[in-house]
Amino acid sequence: MSGAVSGGPLLSVRDARVGFGTVRGLLRAVDGVSFDLQAGRTLGIVGESGSGKSVLVRSLIGLVGTGSGAIVGGEVRLDGQDLRGLSAASFRHLLGRDIGIVFQDPMTSLNPVMKIGRQIGEGLRLNRGLDSAAAARRAVELLVEVGIPEPERRASQYPHELSGGMRQRVAIAIAIACEPKLLIADEPTTALDVTVQRQILDLLQREQRERGMAMILITHDLGVAAGRADDIMVMYAGRAVEMATTREIFRGPRMPYTEALLRSLPRLTDPTHTRLSAIPGRPPDLARRGTGCSFAPRCTYRSGRCEAEEPVLSREGGRGFACFNPLGTSGGAGA
Amino acid sequence: MSDLLRMTDLNVEYPVGGGRHVHAVSDVTLAVRKGETLGLVGESGSGKSSLARALLQLPPPKAGSVLFDGNELTQMRGEALRAVRPRLQMIFQDPIASLNPRRRVAEIVAEPLVVSGVRDPAERTRRVRAVMEAVGLDPDVVWTRRPHEFSGGQCQRIAIARALVLEPKLIVCDEPVSALDVSIRAQILNLLEDMKARFGLTLLFIAHDLAVVKSVSDRVAVMYLGRLCEVADSASLFATPAHPYTAALMAAIPVPDPDIPLGDTKLRPGDPPSPLDPPSGCRFRTRCPHAEARCAAEVPPLREIAAGREVACHFPLIG
Ligand SMILES: Nc1ncnc2c1ncn2[C@@H]1O[C@H](COP(=O)(O)OP(=O)(O)OP(=O)(O)O)[C@@H](O)[C@H]1O
Ligand SMILES: Nc1ncnc2c1ncn2[C@@H]1O[C@H](COP(=O)(O)OP(=O)(O)OP(=O)(O)O)[C@@H](O)[C@H]1O
Ligand code: SF4
Ligand SMILES: [Mg+2]
Ligand SMILES: [Mg+2]
């Protein structure tokens, strides 16, 4: 059931690129990524550390500045509006209003010296024209909505007075305050314990569904992606190497890296001391990339062509994979 | 199987000013059997690392006994403790930070040999080369390099080599794969399993990822807010958790399979309480779906409910 909602995608990304000039040469952190996201759907982005997940998403919303020496390319449209040419000021406006963001460490997005209620109300005052009293009332309602007990008392506290799980709830309240169309969550629960993680993910999912927001959920935890995403994009060395519905990814991966990743996970259903199928080697150095498929040195299916030519993400029946020797026909239920 | 390590009524506290204390580890009694891997799980701040450090007397616990290989470690100081230390090693979560950045890899791995008085350089070199090869590092390639030249996974291999070089009996592994990428984790877990078999090791394996813990542990101990909730063999613990907290943890695990519905943790809403002021009675009671008045009044002792199964709950889910 992917895609075919009436109208175009909410977010459309074409050939996104981000390069950083480093002493060792140009580091291609994001190297030609394209995808569409429909309203109301959740796209999970998975991939190992350094594969470019955060840089990709930050570059879409103007958070990878050219000031840092980054070279940003490609096309990004939100609801038809071209985002690439926006000024910093327009981006700031867009961020509170149309796009909400939740990061791994809530302290990076919370202001340590501003009371929580005021932080939540700020966007409402700036973007929705509420007066201070109305914004304060709405802030308390939002605290209730994200499950914070004693919301009036909490509204007048500072971030350091809250637990990690509560801070993340506040960050979510800020992100959703102005009813954005797109919510971006970059490892929102990685720093939290599993039981708290569950509560936060439930909260995000509920808000996303009730408000019909589109969500990009970045996670390195395939379990989190399996439970929360409609579609998944697998990144490796700055590229999207596979893109499909969540069920397709887990039931019948086509790209060998996706398969290797899934097979390397310890499973609760396996008895203790079951040998894990490790992926040999490690990801390539992004500043020293050679020709061919970036996964080739670690791939058990590689052929001569894989080392000579770069596979592009080809589409087949709505799903994409970048591989010259894709794995068999996608089997399994629901595929 | 006999116990290689036995801690009894272990307590670790940290003063935080104003006469207040963090109750990091409270009255923990737990044994590690010779040749096993004992997994220790629990949420952040539950006291896993504090327990590990107290075992190694880094620093010694506030109270309690640590009996290791016939030695009461809490009564030993200086020379005596140093003589035991080679048999008891530790591996940490952050492999890069745990290695001295200014030293060369060969020196890092050789350091425990120097400290324990192996004077002959030729013998040291021989042993360092052997252990490097065992963990999959090429001595000729890594010898003179420094930690920052390696990835996290390679640094963890170096840390494992250093822990193994004195041929210890027990290695305490504190979150050894948590900082590593998914694709590297399996390599290191397999390596630990291989080293355990090859050197006849006993492992205390600390992690918060239950799937990782299950994959390597013969038995598992679950901690919550400084106390033990449950100890059981892995298969029974995962099949039929007896403590409500263990059950909640298991239901909360994100399973990498979209067709398995999310489990219900049954937790009461609210955050974990502060270890500065832990709840009376059972420390889990503020989040426990089965809590009754008795749970606030009495600390549930860790008791055996079936052969090899211990649980600290007034109303266990089985038995
Ligand atoms: N400002 C910068 N200058 C140079 N390189 C950078 C910069 N920011 C990121 N990088 C590099 O870009 C690559 C992609 O980083 P990114 O943070 O997107 O990875 P990620 O997939 O989000 O990883 P993680 O799972 O660890 O968060 C990495 O190699 C990183 O070192
Ligand atoms: N040196 C210290 N001073 C004060 N408090 C401390 C100190 N070290 C740990 N604590 C506190 O003791 C409690 C137990 O911490 P510990 O690091 O042992 O937990 P843990 O189970 O290892 O957690 P994690 O999974 O995050 O590593 C926590 O509340 C922690 O904040
Ligand atoms: S003792 Fe009571 S509060 Fe604690 S886990 Fe058992 S039932 Fe729950
Ligand atoms: Mg990231
Ligand atoms: Mg710890």
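## Close-ups of a predicted model

**View 1. Parts of chain A that wrap up the shell of ligand 1.** Two elements of chain A, β2 (25-37) and α1 (53-60), each give at least two residues to the shell around ligand 1. Keep in mind as you look that this is a predicted model. The largest share comes from α1(A), with three residues. Sorted by class, the shell around ligand 1 holds five nonpolar, five polar and three charged residues.

**View 2. Who sits nearest to ligand 1.** There are 13 residues around ligand 1, and the ones that come nearest are A:S49, A:G50, A:K53, A:S54 and A:V55. A side-chain N or O atom of A:S54 is 2.8 Å from an oxygen atom of ligand 1. How much of ligand 1 does the protein bury? On its own, ligand 1 exposes 640 Å², and the protein buries 62% of that.

**View 3. Where chain A meets chain B.** Here 41 residues of chain A are in contact with 44 residues of chain B. On the chain A side, A:R198, A:L268 and A:H273 lose the most area to chain B, and together they make up 19% of what that side buries. The area buried between the two chains is about 3,700 Å², with carbon and sulfur atoms giving 53% of it.

View 4. Between chain A and chain B you can count four salt bridges, along with 23 residue pairs in polar contact. One salt bridge to look for joins B:D259 and A:R247, whose closest N and O atoms are 2.3 Å apart. On chain A, the side that touches chain B gets at least two residues from each of α8 (194-211), α9 (222-228), α10 (246-251) and α11 (256-264). The largest share of that side, seven residues, is from α8(A). By class, the residues on this side of chain A are 15 nonpolar, 13 polar and 13 charged.

**View 5. Around ligand 3.** Which residues are closest to ligand 3? They are B:H243, B:C282, B:C288, B:C295 and B:C313, out of 13 residues that surround ligand 3.

Conventions. Residues are numbered from 1 along each chain as its sequence is written. Chains are lettered from A and ligands numbered from 1 in the order in which they are written. This is a predicted model: local features need pLDDT of at least 70, side-chain atom pairs count only at pLDDT 80 or more; totals for chains, interfaces and linings use all residues. Side-chain values use heavy atoms; hydrogens and water are left out. A residue is near a molecule or strand if one of its heavy atoms lies within 4 Å of it. Contact means heavy atoms within 4.5 Å. Buried area is the accessible area (1.4 Å probe) that two parts lose on being put together, summed over both. A salt bridge is a side-chain nitrogen of Lys or Arg within 4 Å of a carboxyl oxygen of Asp or Glu. A polar contact is a pair of N or O atoms within 3.5 Å; within protein, one must be able to donate a hydrogen and the other to accept it, and residues adjacent in sequence count only if both atoms are side-chain atoms. Helices (H or I, at least four residues) and strands (E, at least two) are DSSP runs, numbered from the N terminus. Ala, Val, Leu, Ile, Met, Phe, Trp, Tyr, Cys and Pro count as nonpolar, Asp, Glu, Lys and Arg as charged, and the others, Gly among them, as polar. Accessible areas come from the Shrake-Rupley method with a 1.4 Å probe; for residues, only the protein chains shown count as cover.
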